[in-house]
Amino acid sequence: MADHESELLAPTPGARVSTFLKRKDVSQTLLLWVFFTAVFVVLGLWAYPKWMPVVLSKQMQANEDIMIWFTVISAPIAGVVLSIAAKSFLNMHRGDTPPEDGVAIRTNGPVVIVWTATSVLFCIVAIVWGLVALNTESIAAATDAPKSLIVDVTGSQWVWSFYYPQQNIHTHTLNLPVNQPVTFNVMSADVNHSFWPVQLGVKIDANRLVTTVAHADPTATGPLDVKCAELCGLYHAYMETSGAVESPTDFNNWVSSIQATGGVQQ
Ligand SMILES: [Cu+2]
């Protein structure tokens with residue numbers, strides 16, 4: 001009788017699990033699982049904050065938090081997949097006889113219960129997290145509306161144009177004062193575009209004949225990249241401009257300099 005068969009016939013589930021864990025291939029896979037899980041946790045906690053765009057708003061901070069914590073939460077699961085794949089790959093050239101299959105896990109009650117409950121739990125965390133983030137954002141947008149700086153954004157093949165109605169200026173760069181909420185009224189003059197001021201963590205459709213509204217709370221000063229995130233024709237990839245979140249004084253000086261040249265940025 002082969003080892004794995006005696007293991008299947010072991011009298012108690014505890015003994016069966018302990019025999020299973022003592023198998024060399026299983027313990028090595030477990031070690032790999034710990035390794036890959038650690039890699040993803042480090043990736044989430046240490047590398048993402050370095051790799052992601054600079055955080056210049058509450059919205060970008062929320063995006064970064066979701067990226068980091070969803071990566072950390074899913075690390076053990078990615079670890080299972082990668083450890084089994086890596087173990088199979090490492091054994092490929094050894095000429096070992098692979099261990100025979102055990103009992104089919106689809107009929108194993110405890111295993112089915114654990115994976116179903118774990119998946120349900122992760123889905124609930126993701127859904128609740130998303131709903132809370134969206135709701136917080138809608139409440140903030142409504143509360144901030146009266147004190148918001150308003151920017152009308154128009155996408156057209158292949159440039160972004162901005163109009164600040166409160167200041168009555170037309171610009172092609174997006175400058176914003178720090179610590180003042182901003183409301184973007186986003187439109188398109190032709191095909192569908194998507195307005196994406198990267199460091200603000202906002203991305204919203206720019207459609208013809210309808211205005212979409214987005215909201216941001218800039219919390220830090222720094223340069224802004226504005227891109228188009230919807231394939232919109234031949235020069236889509238070049239449909240970008242720049243800007244900055246700056247101090248209120250710098251912003252007012254910028255506005256004044258444009259007003260001095262007739263309200264149109266040169
Ligand atoms: Cu585009």
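Predicted model: local features only at pLDDT ≥ 70, side-chain atom pairs only at ≥ 80, totals over all residues.

Biologist: Which elements give two or more residues to the side of domain 1 that touches domain 2?

Modeller: Those elements are helix H4 (58-90) and helix H5 (109-144), and the largest share, five residues, comes from H4. The contact as a whole takes twelve residues from domain 1 and 14 residues from domain 2. Sorted by class, the side of domain 1 that touches domain 2 has eight nonpolar, three polar and one charged residues.

Biologist: What angle do H4 and H5 make where they pack, and how far apart are their axes?

Modeller: H4 and H5 pack at an angle of about 175°, and their axes are 12 Å apart. Because angles over 145 degrees count as roughly antiparallel, H4 is called roughly antiparallel to H5.

Biologist: Which residues of the two helices meet, and what classes do they belong to?

Modeller: From H4 come Ala62, Ile66, Phe70 and Ile73, and these meet Phe122, Val125, Ala126, Trp129 and Ala133 in H5. By class, the contact of H4 with H5 has nine nonpolar, no polar and no charged residues.

Biologist: Turning to the sheet, why are strand E3 (169-171) and strand E8 (212-216) said to stand at the edges?

Modeller: Five strands form an open sheet in the order E3-E2-E1-E5-E8, with mixed pairing. E3 and E8 each have a single partner strand, so one side of each is left without a neighbour in the sheet. From one strand to the next, the twist averages 25°.

Biologist: How do you know that strand E1 (residues 149-156) and strand E5 (residues 182-188) are paired?

Modeller: Two strands pair if at least two bridges are found between them, and seven bridges join E1 to E5, which run parallel. Within E5, Val186 is the bridge partner of Val153, while Met187 stands opposite Thr154. The pairing of E5 with E8 rests on five bridges, and these two strands run antiparallel; there Thr212 in E8 is the bridge partner of Val186.

Biologist: What makes E5 largely enclosed by the rest of the structure?

Modeller: A residue is buried if 20 or more other C-beta atoms lie within 10 Å of its own. Five of the seven residues of E5 are buried, and therefore E5 is described as largely enclosed.

Biologist: Where are Asn179 and Leu209 found, and what are their phi values?

Modeller: Asn179 is found in the loop between strand E4 (174-177) and E5, and its phi is near 65°, a positive value in a residue other than glycine. Leu209 is found in the loop between strand E7 (204-206) and E8, with phi near 70°, again a positive value in a residue other than glycine.

Biologist: How do you know that the peptide bond from Gln157 to Trp158 is cis?

Modeller: Omega of that bond is near 0°. Trp158 is found in the loop between E1 and strand E2 (159-164).

Methods. Residues numbered from 1 in each chain as written. Helix = DSSP H or I, 4+ residues; strand = E, 2+ residues; numbered from the N terminus. Axes fitted to C-alpha atoms, helices over the stretch in contact; angles between N-to-C directions. Contact = placed C-beta atoms within 7 Å. Nonpolar A, V, L, I, M, F, W, Y, C, P; charged D, E, K, R; others polar. Parallel < 35°, antiparallel > 145°, perpendicular 65-115°, else oblique. Buried ≥ 20, exposed ≤ 12 C-beta atoms within 10 Å, placed from the backbone.
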